[in-house]
Amino acid sequence: MHSRHLGYMACLLLGLSACNNASNDISPASNGSSNGYYTLSGRITAPSNILEDIDVNDPNSPRIGTNDSIQSAQTIPNPVLVGGYVNEANAGTQGASLRAGDINDIYAVDLLAGQIVSLYIANTDLTQNDLDLLLLDSSGNVIKASVSDSSTETLVVPKNGHYFVQVTAVLGASNYILSISQDLSSLSVQGGLHLSDDFASGEVLVKFRETDLLQAQGLNSLGLHPESTDSSRRMLFSFDPSVKRALDNNNNALQFADEALRQKYETLMTVKQLRRQGNVESASPNYILHALRVPNDSLYRYQWDYEMMSLPQAWDTTQGSANVIVAVIDTGVLLRHPDLQGKLVQGYDFIADTNIAIDGNGIDNNPDDPGDKSPGGSTFHGTHVAGTVGALTNNGKGIAGVGWLTKIMPLRVLGRGGAGKDYDIEQAIRYAAGLTNDSGTVPAKRADVINLSLGGETISDTFQSVINQARQAGVFIVAAAGNDGSNVLMYPAALSGVIAVSAVGVDKKLASYSNYGNYIDVAAPGGDSTADLNGDGLPDGITSTLGDDKKGSIDFIYGSDIGTSMAAPHVAGVIALMRAIAPNLSPANFDTLLQAGKLTDQLGSGSGRNNSFGYGLLNAAKSVAAALEFSNGVTVRAAPQASISPRSLNFGYSASTVTLNISNVGGDGLKVNKVSLATGNSLTIASSNNVDSNGLGDYQVSVNRGLLTLGTYENTVNVATNLGTFNIPVILQVLDKSVTSNAGYLYVLLIDPNTYETLQEARTTVDNLYNFSFNNIPSGTYIIAAGSDSNNDGYICDVGESCGGYLTLASPTPITVNSSRGQINFDVGFHINFLESASVSTKHVITPPRGFSRLVTTHRVAQ
């Protein structure tokens, strides 16, 4: 939708959507150097809601004690993400806890009723590495336990109080992430072994791999007695749960709130032991069934971005159409990901250069993503984008897509390191639009929408021509605006006829990384990895489909990412919903509706377009209504609808003020009568200058911790409107001042961007405010990454370890050094992946990327 001068193409980087010039963001600290060597320095920020286990396996990490018992429990804030490590004696890698073991990590915390405590286990070999999660009352008695053999353990807090949360290594060793979040939606914990589940103590159901009664009789040695004799089906076994059994030798000293809970625990541990036997196909408790309300997509509760865009209201009208296709031009797509089955049409791989293709050949008809060999694991960027556009929805697992029925055309153009050439991308655009291209073929049905979550600062002069041709063929082209946090033009987003998308966070503010400028058309959620403003226990990123190739094959997982790359597919998905209703809607018609304000919610000061958000935040409900009006000529009068962001407020233990935005994302007629607090005088609410006569705008909610004693507090902001009252939950904590955010002992690495070889290492701690510097650096180009090494395996950024990169982790920005530079500032945090099933792609057997390698000792860069 813009006309800009074009330069020459240098490169395209996924995620960053830019080939960055770091000098735009790094200020000189000193312009000269007497010996031809330079210094790089900066500061790393840890979000206020993260903390590290005080006794990890890294011997370099300062130990201020242990958290192995109730008496020495580590105090943690709430909500929180804790990165930790536990191990049995002589299990895991060489390090501080190898020989003696670190069986238990115990945390002291004040919790509220309904809060969710989750344990994410990093080690994917769950048969040899098993961690459990226990909740203990203030006296140290076990009242709840999650002891399944999956990668996630989850508990729901029964009532307000002081608790101990215990992470236990039942078998082996592993990093982990412990998450404590607010109760943002109804949660039914399923799929694991939980002490709170309703089942019969002393009874287990077993199915053997072979139909031999001797197999069943062999369980007599375990004290199990068969209650049925047909070994061709599941058999019921009973045992006396009042007899204490040494099933978990690591926790024989556990105390329980009552005998019934202890007997239930014995039953669960018996099930766990049976599951490890080779002749047992399945084992489970004998559950007592009740009618349950099962949430459709298990991770939908983390998809705050959809409510922000009014997608649920749009879905009341349309869930999309299988006749509408969105082409995802990216790293390819994991074709066998369970949450994308039935959603893909034939695509193509247009990477011609075998040096970056990774799959061993040039262009072909296989757009499957083999990974891009990025350190720390491939990004599977295209799979994340595709999931947002149209993952399977209402299938009981994973995420929801914007378009439930929308089809996806995977086109692969980005290979090793997320790089691709503009000629290959041009061929993919031509293919998607049904135009002649180097494949010699065209799709059976062209794409309706093209998503380009990629970009660079320069592009070939003739690229505009292919954009024009695709648009003339009726194809909508959506592109990420870039992640430089600057007004530098990013292509192809800045080309005429392309819908350029900037990114906002959960607070509807422009994301710190998002580009801005006169080429921005519209904004959409892109997320923020440094905050948990809504208190759901995870950083406020965009959750979608992903892959994980760290162990040599590809696991199909779910995880979060941030960037304008994540914002763009929200827009592409909504346009696909519009096309489902109005098949004759053209790109020019969309432009007209957008400029008329019929598709968006105004963001920023004033009215109309601005350089941060374009014409505003795309509103799916408004967009679908506009498509209906365009299609049948009947004006759909939208009812007023309140949108409140965030839908919950998390002060944590350090924030003093948070912003609550109240807006009308529907038709005229919404009026805010009063914004008030349910109880107490420690919180205050003040309206900002942008609050209008209808009470819509920003409200500042502030806390005075001086009026409170140590503890965790809850409150409610009541937003009374003419449509009813909306209740916004608030959580805050008052802690001893000794508790501070802590990403652990950090290794900051200076890395060759071509080989990913670590050239120099700096080390820093929270006591040093995570300041770092590299000295004696010769001229050249480098990237910088930082993270902890909790398991002491010599690599940073494993799952369960803090990690970050300048400017972003997915695509670290190359820094060209020809003078000393300072202000190289970036964030680190913990990143959670969800493995909902043991789904593994066996097509690609790869050398697993091990992440960024530490140096044994810090050394000078080789000349």
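1. A starting point in this predicted model is asparagine 776, which counts as partly exposed at 33% relative accessibility. Asparagine 776 has its place in strand E40, residues 771-778, and its phi is positive, at about 60°, although the residue is not a glycine. Most residues other than glycine have a negative phi, and most peptide bonds are trans.

2. Cysteine 797 is found in the loop between strand E42 (795-796) and strand E43 (803-805), and, with a relative accessibility of 11%, it counts as buried.

3. Two peptide bonds also deserve a look. Tyrosine 491 and proline 492 are joined by a cis peptide bond with an omega of about 10°, and proline 492 lies in the loop that runs between strand E23 (476-480) and strand E24 (499-504). The bond from serine 645 to proline 646 is cis too, with omega near -10°, and proline 646 lies in the loop between strand E30 (642-645) and strand E31 (649-652).

4. As for the protein overall, its secondary structure comes to 11 helices and 49 strands, and 59% of its 863 residues are buried. Among contacts between residues at least 6 apart in sequence, 74% join residues that are at least 24 apart. A separate example of sequence distance set against spatial distance is given by serine 738 and threonine 75, which are 663 residues apart in sequence and 9.7 Å apart in space, C-alpha to C-alpha. Serine 738 lies in the loop between strand E37 (724-734) and strand E38 (746-751), and it is exposed, with a relative accessible area of 60%.

5. Helix H7, residues 422-432, has 10 of its 11 residues buried, so it is largely enclosed by the rest of the structure. The buried residues of H7 include Asp422, Asp424, Glu426 and Arg430, as well as Ile425, Ile429 and Tyr431. Just after H7, glycine 434 takes a positive phi of about 80°.

6. Helix H6 (residues 381-390) and helix H9 (residues 564-581) pack at an angle of about 35°, with their axes 8 Å apart, and H6 passes H9 in a right-handed crossing. On the H6 side the contact is made by His381, His384, Val385, Thr388 and Val389, and on the H9 side by Ser565, Met566, Pro569, His570 and Gly573. The residues of this contact divide into 4 nonpolar, 6 polar and no charged.

7. The aromatic residues form a further theme, as a search of the whole structure finds 17 aromatic pairs. In one of them, phenylalanine 256 and tyrosine 265 have ring centres 5.1 Å apart and planes at 45°, so the pair is tilted; phenylalanine 256 is buried at 13% relative accessibility, and tyrosine 265 is buried at 6%. Tyrosine 348 and phenylalanine 350 also make a tilted pair, because their ring planes are at 35°, with the centres 5.0 Å apart. Tyrosine 348 counts as buried at 11% relative accessibility, and phenylalanine 350 is buried with a relative accessible area of 1%. Elsewhere, Tyr300, Tyr306, Trp315 and Trp404 form one aromatic cluster.

8. Charged groups also sit over aromatic rings. The charged end of lysine 264 is placed over the ring of phenylalanine 199, 4.9 Å from its centre, while arginine 854 lies over the face of tyrosine 747, at 4.1 Å from the ring centre.

Conventions. Residues numbered from 1 in each chain as written. Predicted model: local features only at pLDDT ≥ 70, side-chain atom pairs only at ≥ 80, totals over all residues. Heavy atoms only, no water. Axes fitted to C-alpha atoms, helices over the stretch in contact; angles between N-to-C directions. Helix = DSSP H or I, 4+ residues; strand = E, 2+ residues; numbered from the N terminus. Left-handed = near helix turned anticlockwise from the far one by under 90°. Contact = heavy atoms within 4.5 Å. Nonpolar A, V, L, I, M, F, W, Y, C, P; charged D, E, K, R; others polar. Phe/Tyr/Trp six-rings, centres within 6.5 Å; stacked < 30°, edge-to-face > 60°. Buried < 20%, exposed > 50% of the residue type's maximum accessible area, 1.4 Å probe, protein only. Lys NZ or Arg CZ within 6 Å of the ring centre and 35° of its normal.
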